Amino acid sequence: MVLAGFDRRDLGMMVSLTRMSLTDRYLGSALGLAWAVLSPLAMLGIFCFVFTYVFPGRLPGREGTLPFLIWLISGYGPWLSISEGLGTATGSVVGNAGIVKNIAFKSELLPIVSAITGLVPLVVAFGLIVVLQAFGGIWPSPALIALPIAIILQIVFVSGLGLFLGALNVFVRDTALILPNVLTIILFASPIFYPLSAYPKGAQAVLVYNPFYVLAECYRQPILEGALPHLWTLGYMTVISVAVFLGGLWWFRRLKSFFDTRL
Amino acid sequence: MSRAIAITCSGVSKRFALVDQGSAWRLAFSAHSGVPVFEALKNINFEVPKGQFVGFLGRNGAGKSTLLRTIGGVYSADGGQIAIKGKLSGLYELGLVGNPQLTGRQYAERLLTIHGEVRRRQQEMIADIHEFSELGDRFEDPVFTYSAGMSARLFFSTATAGSYDVYLLDEVLAVGDQHFQAKCWRRLRDRVSRGASGVLVTHDWAAIVKMCETAHVIDRGQIIFSGPAANASRYHLYGEDAKETFEPGIARFVARPEDPMTARPGQDLVIRAEAEIMQPANVGAVAVIERLQPGFGWETELMSREITPVGQKPGRYMVEVRVPHLPIERGSYQISLHLVMPDPKLPGRRVALDGFSWLNGDGLRLEVEDPLNREGLTLPVRWKVACA
């Protein structure tokens with residue numbers, strides 16, 4: 001079976017590469033895989049501290065700190081995972097020049113693998129949410145079965161952007177340098193730390209289509225409300241993700257034959 | 001009978017865009033036309049028969065490594081077709097790719113996984129790699145602690161651990177100590193004898209002569225010479241202008257001597273050829289016997305020190321260069337036969353007038369067979385000195 005130019009062999013390669021980059025990322029440091037858990041945990045902890053004690057935020061219509069914390073993590077966790085995925089995807093081709101130059105495989109797989117390995121912080125965030133919910137006596141709702149859909153949408157979306165950025169970075173190395181700043185801007189411009197209602201009505205109508213926000217909503221609906229995500233968010237996100245992925249793939253394949261000159 | 005072909009390359013070309021800071025943006029965001037390109041490979045055609053290694057010789061930057069990567073599918077060709085039959089293993093550069101924190105064992109595991117070896121077979125292969133590389137306890141150390149030679153051992157052992165049908169090797173055997181090199185050659189020969197084929201790319205002509213029957217010389221992305229490995233190495237070393245120049249109009253050979261000649265060790269060898277002297281000169285003949293064949297290398301076996309006189313006046317002569325008690329063993333040799341005369345300007349030097357030489361592509365072959373009997377003098381000889 002061939003899908004978008006990938007076949008079974010590529011799937012196997014993708015699995016090997018994913019395993020490889022996971023071990024690479026955490027190998028050689030004293031705590032090894034523990035950092036995979038500790039680092040997102042630290043980030044989540046800092047933001048929870050800041051937004052509950054320094055700038056106390058309240059969720060409209062909800063009492064107490066706990067629901068706010070869960071709301072915060074269920075939005076910031078996916079974001080951490082998206083930015084991690086985008087960051088590694090951007091450097092994936094240049095960083096793996098050794099493999100790209102010496103092994104015959106589809107280098108398109110590298111940004112996709114980055115999007116997948118970026119899921120580690122998401123898993124940590126999920127773990128934290130489960131603990132907090134158990135603490136607050138909240139039972140997991142059956143709506144959580146919708147989460148895999150959100151995860152798949154995220155992988156496709158991040159892969160698409162990653163394909164674009166990863167290929168661009170081969171030619172314009174500044175891409176990887178600017179990316180963290182751009183990501184920070186997007187983070188604070190998106191209603192992830194604050195509710196959408198914080199914006200004026202006019203802006204809301206536009207911002208509601210921000211894919212980063214929509215993606216966060218796909219996670220927040222099942223986790224917080226125990227409801228399936230709104231159908232339009234899923235539909236909208238599917239269209240956006242697939243379009244971004246195919247666009248990124250087209251872009252990557254267009255530039256791929258020129259990688260040889262730049263690596 | 002048509003021979004099985006392992007690799008076919010027809011009309012393969014590869015261009016690299018010359019990218020600088022400015023054109024990088026242009027390349028990324030606008031049309032690709034207008035970006036200056038460098039033609040790394042131009043219309044490369046060749047075939048590798050099954051069970052053979054074909055060599056590629058060339059100077060640095062001639063396009064050898066690009067060609068190898070293009071054959072291996074790491075680079076995509078811009079034109080032409082490449083067909084490979086069978087499972088492929090490529091050693092494109094000796095640097096260890098990947099994370100240097102990995103131990104030798106992890107590194108080997110990783111490469112095998114990437115090559116799609118199933119986990120079950122891997123353990124067996126890892127044991128083989130461990131043994132062949134002779135890394136011993138260092139196999140469990142991170143690869144960044146390895147010396148260049150040790151990395152080469154690990155890399156070669158891993159890339160040849162499985163039995164592949166086609167090997168692509170780049171300068172691989174230039175590193176590593178003699179002992180390991182010898183092992184590598186043995187392993188490659190063993191693979192070839194089991195029907196594997198491959199391409200060997202190097203500027204080490206001796207390796208080409210050892211491993212390949214045919215070789216190509218590549219320069220500025222084009223094949224400029226194809227032929228037997230020995231001739232290709234010669235061409236690579238000295239180029240087109242290495243062809244000997246002869247002083248014309250004084251003397252020449254009328255006919256080509258018997259070719260190939262056969263002889264037996266210990267017997268007298270007489271090389272006969274008819275020559276014509278056109279101008280009065282003190283013409284003589286010299287012969288050189290060289291052995292140059294895969295598996296042995298290149299060495300001069302025998303050189304006639306004395307000039308065999310031919311004649312001084314114009315006319316036809318029979319040249320007879322005599323090698324008494326041929327002191328060389330069974331094998332295939334090359335004979336170069338030349339007509340010479342003393343150089344009038346430089347006493348002691350000779351001027352070549354005409355000749356047959358494999359350097360020019362018309363050398364004479366000599367097949368030395370087994371000696372008829374074990375009597376007489378055959379080298380090596382052992383003397384015993386006794387006091388009377």
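Helix axes here are lines fitted to C-alpha atoms over the stretch in contact, and the angle between two of them runs from 0 to 180 degrees between N-to-C directions. The legends below describe close-up views of a predicted model.

View 1. H5 covers residues 109-117 of chain A, and H7 covers residues 147-171. Their axes come within 8 Å and cross at roughly 135 degrees. The crossing of H5(A) and H7(A) is right-handed. On the H5(A) side, the contact uses Leu110(A), Pro111(A), Ile112(A), Ser114(A), Ala115(A) and Ile116(A). H7(A) supplies Ile155(A), Val158(A), Ser159(A), Gly162(A), Leu163(A) and Gly166(A). By class, this contact has 8 nonpolar, 4 polar and no charged residues.

**View 2. Helices H1 and H5 of chain A pack together.** H1 spans residues 8-26 of chain A. The axes of H1(A) and H5(A) lie 9 Å apart, at an angle of about 55 degrees. The two helices are therefore oblique to each other. Their crossing is right-handed. H1(A) brings Asp10(A), Met13(A), Met14(A), Leu17(A), Thr18(A), Ser21(A), Leu22(A) and Arg25(A) to the contact. H5(A) brings Leu109(A), Ile112(A), Val113(A), Ile116(A) and Thr117(A). The contact of H1(A) with H5(A) has 8 nonpolar, 3 polar and 2 charged residues.

**View 3. Two annotated transmembrane stretches of chain A are seen in the model.** An unreviewed UniProt entry annotates "transmembrane region" in chain A at residues 26-55, 109-139, 145-168, 175-194 and 231-252. Over residues 145-168 of chain A, the chain is 92% helix and 0% strand. The end C-alpha atoms of that stretch are 36 Å apart. Residues 175-194 of chain A are 75% helix and 0% strand. Here the end C-alpha atoms are 28 Å apart.

**View 4. Helix H2 of chain B is largely enclosed by the rest of the structure.** H2 covers residues 64-72 of chain B, and 9 of its 9 residues are buried. They are Lys64(B), Ser65(B), Thr66(B), Leu67(B), Leu68(B), Arg69(B), Thr70(B), Ile71(B) and Gly72(B). Just after H2(B), Gly73(B) takes a positive phi of about 85 degrees. For context, chain B has 8 helices and 19 strands. Of its 388 residues, 38% count as buried. Among contacts in chain B between residues at least 6 apart in sequence, 73% join residues at least 24 apart.

**View 5. Asn43(B) and Glu134(B) each have a positive phi.** Most residues other than glycine have a negative phi. Asn43(B) has a phi near 45 degrees. Asn43(B) sits in strand S2 (residues 37-49) of chain B. It is partly exposed, with 15 other C-beta atoms within 10 Å. Glu134(B) has a phi of about 55 degrees. Glu134(B) lies in the loop between helix H4 (119-133) and helix H5 (148-159) of chain B. It has 14 C-beta neighbours inside 10 Å and counts as partly exposed.

**View 6. Gln267(B) is shown with Pro324(B).** Gln267(B) is found in the loop between strand S11 (261-263) and strand S12 (269-277) of chain B. It is partly exposed, with 16 other C-beta atoms within 10 Å. Gln267(B) and Pro324(B) are 57 residues apart in sequence. In space, they are 6.8 Å apart, C-alpha to C-alpha.

Definitions and conventions:
Residues numbered from 1 in each chain as written. Chains lettered and ligands numbered in written order. Predicted model: local features only at pLDDT ≥ 70, side-chain atom pairs only at ≥ 80, totals over all residues. UniProt positions renumbered as here; feature names shortened; annotations may be inferred. Helix = DSSP H or I, 4+ residues; strand = E, 2+ residues; numbered from the N terminus. Left-handed = near helix turned anticlockwise from the far one by under 90°. Contact = placed C-beta atoms within 7 Å. Nonpolar A, V, L, I, M, F, W, Y, C, P; charged D, E, K, R; others polar. Buried ≥ 20, exposed ≤ 12 C-beta atoms within 10 Å, placed from the backbone. Parallel < 35°, antiparallel > 145°, perpendicular 65-115°, else oblique.
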